[in-house]
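Reader: I am new to this structure and would like to go through it with you. Could you show it to me before I start asking?

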Amino acid sequence: MSLSVDNLPGAKRNRGGAFLLTESDPRGVFTPEDLTPEDLLIGKTAEEFMRSTVLPQTARIEQGDHELMHDLMCKAGDLGLLGADVPEIYGGLGLPLTTTALIAEKINPQQSFALTHEAHTVIATLPLMLFGTHEQKLKYLPRLASGHWIACFALSEANSGSDALALQTRAVLSIDGSRYLLNGEKMWITNTAFASLFTVFAKVDEEHITAFLVERDFPGVSFGKEEHKLGMHGTSTRRVILDNVSVPAENALEVGKGHYAALCALNLGRFKLEAGAVGGLKSVLAVSAAYAMQRKAFGKHLSDFGLVKQKLAQMCARTFSLESMVYRLASAMDAEFAPIDPTSPNAREEYHRAAEEYSIECNIVKVLGSEAYSAMADEAIQIHGGYGYTEEFSPARTWRDQRLLRIGEGANEVVRLAIVNTMLRRAKQGRFALRDAGVEATRALSRDEAPDAPFFDSFLDSALAASGGMKHLALFLLYQAVERLGVEFAEQQEVAAAIADTICAAYAVESVWLRCSKMSKENSRRYDAAILAAQSACRFHCEQAVSAARYALDCIPSIDDVVDWRDEPFTGLANLLGSLQRWEGSPAQIGRDLADRVIEAGGWPM
Ligand SMILES: Cc1cc2nc3c(=O)[nH]c(=O)nc-3n(C[C@H](O)[C@H](O)[C@H](O)COP(=O)(O)OP(=O)(O)OC[C@H]3O[C@@H](n4cnc5c(N)ncnc54)[C@H](O)[C@@H]3O)c2cc1C
């Protein structure tokens, strides 16, 4: 069993969103170094399957050979890679998210296969797994866990993507109550070519959103042609047309609760996509390092140039930061899910709560992971120069494929707004003490005696101070925005998104600090590399936070009868913004040292 926050003695457990209000305890945080030999063995199985079976077929996959993709999914099912999240009683392995995140990571380097896998195992399967009845689960989950059947998640429509709940597909119950008649058209549905089961969202009585389990062979189900996409050429993406499809009433998942089912599946989907991105980033780093080490210009290897080293270091730092967040979050969510008995009568309610609890963190990881992937894929092309712009080398495909992650399963703009809106909703519900925390943050930042740009002897102390400072900053901004613009301030999207960026940065820096603190007893090259990556990552996230905070401060009106926070006595705020941008050491030297570790390891140095 994996180490989790609950079985560590003396560990404090913070729940969703609470990281902003409290200081987390490194002993209670899961890091990739905590993966057990059994976890690593499962990861190795996935890695070996990709190396021996999937990656050699990349050319055919990219030509859109869906029969092959189906065959590969069946083989993945034989190895247990499709049922890893499914409880054992329903034919799966019932593994914790810390382990299934590792599977996602290992699968990602072939992104079309990874998306096919994620659409099936996460967004298509979860509504049934979390919201189905025992009978529904007994009927369908074993087929999905084994790969005997592949599934789709059919929510989006031509006129409702981000605004998914505005869907037009309708379900009408027959007079005898035995069947629903479904009519509508779904758009962008991944896995359509070879799926046997469609989790279709429709409105009952024009308003009650409900998920239905629709089998491929039900009369009235038909499909559009394959979409001609920018990337992910190996995935099947088609329209699903429902023309008077008669669905047995027992195939409805909780009438009127479909929006929960969709949102919960998407929360976990966002998390899993970015757990996969950790593997994608490591692969981009390795490909970039290998090329830089063999290509020569001006009589030197590219890897000898400071500006190329800077790119490799930045890639490594952002990978380290994402990996730290992903495994911390995986374990926190495991602690929510582990106590739930999947067969208990309350299972559905408990699953609702568990899947929603960490939605803020899932959204943070979605934004930071997908944007790191975009930046790194772009830099990989730059390192490859003209060759990077051709299809002969992998960065062009990586760049096209990863681009989906900033759009799919919630566009990043919508996800940023959701971070702030969830905080505000929880504050209204009394689950998040925004008022007290905001007052305290304002008081702290207005103190005359606030220390001026403190320097610490050790990087860990500086990172801890930065993490605490950023939490104050985020709480201060949230509170001031509510005070000055009203509780509906998130409608001023530019301000809300900037505040979301400071929240994201706070979570990232704290996750990096927690991981390094836990590792600090190690006296190893791995730890040395971790500290270099952490130094670069903290500088990067703090710069992002300061720039977002300054933007928000310029947008929130400083009313004349209220003290302007840029003047006295808001010295604390000015000092904080300054200190977040002042780190010990030359960033160029830290970057070169980190890049040297990457070059020495031929990629990921930990
Ligand atoms: C390859 C691929 C596979 C997919 N697979 C599936 C699948 O399996 N199942 C499924 O149901 N769907 C799937 N989708 C659909 C995907 O989830 C949607 O494309 C996505 O949610 C965005 O919706 P949209 O395309 O309608 O964009 P729109 O909603 O039209 O948004 C366009 C842009 O407008 C901006 N925007 C939108 N709303 C706001 C707002 N409130 N505030 C600020 N800015 C905003 C954002 O920048 C956004 O990117 C897939 C899409 C693709 C491309």
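Author: What follows is a talk about domains, salt bridges and one threonine. This is a predicted model, in which local features need pLDDT of at least 70 and side-chain atom pairs count only at pLDDT 80 or more, while totals for chains, interfaces and linings use all residues. Residues are numbered from 1 along each chain as its sequence is written, and side-chain values use heavy atoms, with hydrogens and water left out.

Reader: Which domains does the assignment give?

Author: The assignment gives domain 1 (18–24 + 431–601), domain 2 (32–146), domain 3 (151–251) and domain 4 (258–413), and such bounds come from an automatic or database domain assignment.

Reader: How many residues of domain 1 are in contact with domain 4?

Author: Taking contact as heavy atoms within 4.5 Å, 28 residues of domain 1 touch 24 residues of domain 4. The C-alpha centres of domain 1 and domain 4 are 22 Å apart.

Reader: And what area do domain 1 and domain 4 bury between them?

Author: They bury about 2,300 Å², 70% of it on carbon and sulfur atoms, where buried area is the accessible area (1.4 Å probe) that two parts lose on being put together, summed over both. Tyr507, Arg515 and Ile599 supply 28% of the area that domain 1 buries against domain 4, more than any other three residues.

Reader: How many salt bridges cross the interface of domain 1 and domain 4?

Author: The rule finds 5 salt bridges there, a salt bridge being a side-chain nitrogen of Lys or Arg within 4 Å of a carboxyl oxygen of Asp or Glu. On the side of domain 1 that touches domain 4, the elements giving two or more residues are α16, α17 (525–555) and α19 (587–601), with helices taken as DSSP runs of H or I of at least four residues and strands as runs of E of at least two, numbered from the N terminus. Of these, α16 gives the most, with 10 residues.

Reader: Where does arginine 515 lie, and what is its partner glutamate 323 doing?

Author: The side chains of arginine 515 and glutamate 323 form a salt bridge, with N to O at 2.9 Å. Arginine 515 is in helix α16 (residues 493–519) and glutamate 323 in helix α9 (residues 306–337), so the pair ties together parts that are 192 residues apart in sequence. Arginine 515 and glutamate 323 are both buried, a word that stands for under 20% relative accessible area, with exposed over 50% and partly exposed in between (1.4 Å probe, protein chains only).

Reader: Changing topic, is glutamate 206 buried or exposed?

Author: Glutamate 206 counts as exposed because its relative accessibility is 57%. The side chain of glutamate 206 meets that of arginine 170 in a salt bridge of 3.3 Å, N to O. That pair links distant parts of the chain, as glutamate 206 is in the loop between β4 (197–204) and β5 (208–215) and arginine 170 is in strand β2, 36 residues apart.

Reader: And where is threonine 169 found?

Author: Threonine 169 sits in the loop between β1 (151–154) and β2 (170–173), and it counts as buried because its relative accessibility is 0%. A polar contact of 2.6 Å joins the side chains of threonine 169 and glutamate 157; the term covers a pair of N or O atoms within 3.5 Å, where within protein one must be able to donate a hydrogen and the other to accept it, and residues adjacent in sequence count only if both atoms are side-chain atoms.
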